[in-house]
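Welcome! Please take a moment with the sequence and the structure, and then we will walk through them together.

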Amino acid sequence: MEDWLLWLLAGIVLDILEIFIPGFIPACFGFGCFAAAIAAALDFGLTVQIAVFTATTFIVFLSIRPVFLKLLSKNTPSVATNIERLVGMIGLALDDVSGLQGLVKLEGEVWNSRSDDGRSLPPGTRVRVLRVEGNKLIVTANGVHQSSN
């Protein structure tokens, strides 16, 4: 079997492997195989073919792979996780929430909290989470006062 055909088949196999192992790493080696196939078709020796394979793989890995990864990450929606998803949620003040401390019930969990503007928020006040600092919710009043549970 001709060298160029072996390189070509290896490139095709590596590009198919990219489907199952995403990350553009097998595809980088596949491009290197295609370049080596061209070198083999031009009757260069095995040393030149390997050098072309190595150089092409290295260049593709450093130049094209970051572009593909950036394009792929654009299509991935950002999902708010854990602490980030709490921002904007409405909770209930369980005790007096001052500018220093207080307790807020949010989705069935009790959180340490404090008011954003330093005002005192009485128990039963609906509060909106503005941000999270460490393990403490920074909240502000968000409407009607209710009795706490």
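## How confident is the prediction?

What pLDDT does the protein average, and what share of the residues score at least 70? This is a predicted model, and its average pLDDT is 88, with 91% of the residues scoring at least 70. One stretch to read with care is residues 145-149, where pLDDT stays under 50. Even so, the model has 16 contacts for this stretch beyond four places in sequence.

Let us look at helix H2, which covers residues 25-41. Its 17 residues reach 25 Å from the first C-alpha to the last, close to the 24 Å expected at 1.5 Å a residue.

Now for the loops on either side. Phenylalanine 24 sits in the loop between H1 and H2, and its phi is near 65°, a positive value in a residue other than glycine. Aspartate 43 follows H2 and belongs to the loop between H2 and H3. Its phi is also positive, at about 65°, although aspartate 43 is not a glycine.

## Where H2 meets H3

How do H2 and H3 cross? Their axes come within 7 Å and cross at roughly 140°, and the crossing is right-handed. On the H2 side, the residues that meet H3 include Phe29, Gly32, Ala36 and Ala40. On the H3 side, Gln49, Phe53, Val60 and Arg65 are among those taking part.

With a relative accessible area of 2%, glutamine 49 is buried. Leaving aside neighbours within four places in sequence, glutamine 49 is in contact with Asp3, Trp7, Ala36, Ala39, Ala40 and Phe44.

Which residues make up the largest nonpolar core? It has twelve: Leu86, Met89, Ala93, Val97, Val104, Leu106, Trp111, Leu121, Val127, Val129, Leu137 and Val139. The elements giving two or more residues to this core are strand E2 (103-106), strand E4 (125-133) and strand E5 (136-145). Another core, of six residues, lies apart from it, and Trp7, Cys33, Ala40 and Phe53 are among its members.

## A stop at leucine 103

Not counting residues up to four places away in sequence, leucine 103 touches several residues, including Leu92, Ala93, Val97, Val110 and Trp111.

How many residues apart in sequence are leucine 103 and glycine 30, and how many Å apart in space? They are 73 residues apart in sequence and 58 Å apart in space, C-alpha to C-alpha.

Notes. Residues numbered from 1 in each chain as written. Predicted model: local features only at pLDDT ≥ 70, side-chain atom pairs only at ≥ 80, totals over all residues. Heavy atoms only, no water. Buried < 20%, exposed > 50% of the residue type's maximum accessible area, 1.4 Å probe, protein only. Contact = heavy atoms within 4.5 Å. Helix = DSSP H or I, 4+ residues; strand = E, 2+ residues; numbered from the N terminus. Expected span 1.5 Å × (residues − 1). pLDDT = per-residue confidence, 0-100. Core = buried A, V, L, I, M, F, W, Y, C linked by side-chain atoms within 4.5 Å. Axes fitted to C-alpha atoms, helices over the stretch in contact; angles between N-to-C directions. Left-handed = near helix turned anticlockwise from the far one by under 90°.
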